[in-house]
Amino acid sequence: MTSEINKGPLLGMRHVQTMLIFLNITCLYIGRLNVGVSVVAMTNADSTNPDFKEYDWSLAQKSYIISSFFWGYIFTQFLGGYLCKKFGVKSVMLWGSFASGVCSALTPVFIGFGGWQGYCGIRVLMGFAQGLIFPCIHQHLARWSPPAERNRLGALSHTGIECGNVCAMFLSGMIAKSAIGWPGISYVSAGVAFAWCLFWAIFAADNAVESRYISDAELEYIESSLKHNEDYHKTIIPIPWKAICTSAPFLALLVARCCESWGLSTLQAQIPTYMNGVLDMDMKSNAFFSALPFLAMWLMSYVYLITADVLLAGNKLSLTALRKTFNSLAFWIPSATLIGIGFLDQDQKNLAIVLMTISVGVNSGATIGTSLNTIDLSPNHASILMGIVNTAANVVPIVTPLIVGLIVKEDTNRSEWQVIFIIASVLFFFGNCVFLFFGTAVSQPWDAEDYLQLRHPELALVPALQGATKDMPKKTSDSLDR
């Protein structure tokens, strides 16, 4: 009976937090990725709604627009990790998401006044806002997820990536064809962001202890399973920078995420242009077939999730073996199919769509494979690890559209697209090899709350310098007084 009570309710506030994160990621990705469809709509009004202004932008200018989001995004990852430790996840995610929604709402205004340069400018500001959020998400999952449920809750929340991809591709195309035209894409994106902020403000909490709606049984279940000190939620744990930066498992994760970012960002940003140029699809069919790979990705994410639950529950695989197996599927199958895609043209459009759908669909396994690995390696420093990984991995989407702009001079040229897909294929293969050799899902020694104090007692002063002296254990405070 006691064991049953300690497990908490089958559905509880930890699942509400998971759903809120899922919806947040969906909203963020709608705002982030609708640019691929928007650019096509704005430069080819006849295929969408001719009542709205058409722009004559070059391929290079379109590449700048697509990559500009990440110019801002990479600069606030570390800041997001720091701010959520200092001010709490709830506040940082609320204001970051609200600011992203404001940027979406202002996008048509900036384009009207500044053309493609104005579009780049508002995308940079949106990147600044969204860059704060993903480190917070991983910290939130670490604080709310019992270890036995961490893989499940983390994977469920991250299926918002695939949902956001589908909505950005499919719904954006439909909106562009509608009476509100391409400006409506930005207005709808802003609306869903503001709606999410309202739900987050009501139901979110930085941890289970601070939640107004959690039951006593669920609170006991979560807090007892995390096995931390009594003052854990009030203490700022010093960050072991040297140990993190010299950790082979963490560096392997970093390499894998950068390689995956190259391959997937190429597909995310360039599918509408590829479909329109090489396969000669109009905007209506382009919207559907551009979204189809990401619809497959969304559905496959649940296949991976259920399979992972079965394998872990039956002790068929360790968590490390599970992550490496899923990551191999997510990286190496696209590595093979991308090469095939590069050899196809509009006479083989059905085969191209099938291979594209397979490539993107199976890649959803990377969420369980590597995306959640930051929480495995260090629950206490998950936001910091995510800040480092996301900074490096999101430099890549700045580069990939620029590389496409350099290589692809004519978007109807199959041989030029072939080079783009082969580059992505090689990086997919290499990234997984590194993760197979050096990756792990085992918590690292430097995750310990007292790791720096035990190795370097003088570094126990760090929390005091951060204004947390009053929350430190009495022994440490006494030593500071002496």
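Contact here means heavy atoms within 4.5 Å. Helices (H or I, at least four residues) are DSSP runs numbered from the N terminus. The model is predicted: local features need pLDDT of at least 70, side-chain atom pairs count only at pLDDT 80 or more, and totals for chains, interfaces and linings use all residues. Residues are numbered from 1 along each chain as its sequence is written, and side-chain values use heavy atoms, with hydrogens and water left out.

**View 1. Helix α7 against α18.** Phe134, Pro135, His138, Gln139 and Ala142 of α7 touch Ala382, Ser383, Met386, Gly387 and Asn390 of α18. This contact divides into five nonpolar, five polar and no charged residues. Ala, Val, Leu, Ile, Met, Phe, Trp, Tyr, Cys and Pro count as nonpolar, Asp, Glu, Lys and Arg as charged, and the others, Gly among them, as polar. The two axes come within 8 Å and cross at roughly 150 degrees. Axes are lines fitted to C-alpha atoms over the stretch in contact, with angles from 0 to 180 degrees between N-to-C directions. α7 and α18 are therefore roughly antiparallel, a term for angles over 145 degrees. Their crossing is right-handed, that is, the near helix is turned clockwise from the far one by less than a right angle.

**View 2. Helix α5 against α18.** α5 spans residues 77-87; its axis comes within 7 Å of that of α18, and the two cross at roughly 170 degrees. The pair is therefore roughly antiparallel. α5 passes α18 in a right-handed crossing. From α5, Gln77, Phe78, Gly81, Tyr82, Cys84 and Lys85 take part; from α18, Ser383, Ile384, Met386, Gly387, Ile388, Asn390 and Thr391. By class, this contact has six nonpolar residues, six polar and one charged.

**View 3. The largest cavity.** A cavity is a set of points, on a 1 Å grid over the protein atoms alone, where a 1.4 Å probe fits but cannot get out. Eight cavities of 30 Å³ or more are counted. The largest holds about 420 Å³, a volume being the space filled by probe spheres set on grid points joined across faces, edges and corners.

**View 4. Lining of the largest cavity.** Lining residues have an atom within 4 Å of a point. The largest cavity has 29 of them; Tyr29, Ile161, Arg257, Glu260 and Asn390 lie nearest its centre. Elements giving two or more residues to this lining include α2 (13-33), α8 (150-177) and α18 (382-393). α12 gives the largest share, six residues. The lining has twelve nonpolar, 13 polar and four charged residues.

How values were computed: 1 Å grid on protein atoms, 1.4 Å probe; cavity = no way out; pocket = protein on both sides within 12 Å on 5 of 7 lines; lining within 4 Å. Parallel < 35°, antiparallel > 145°, perpendicular 65-115°, else oblique.
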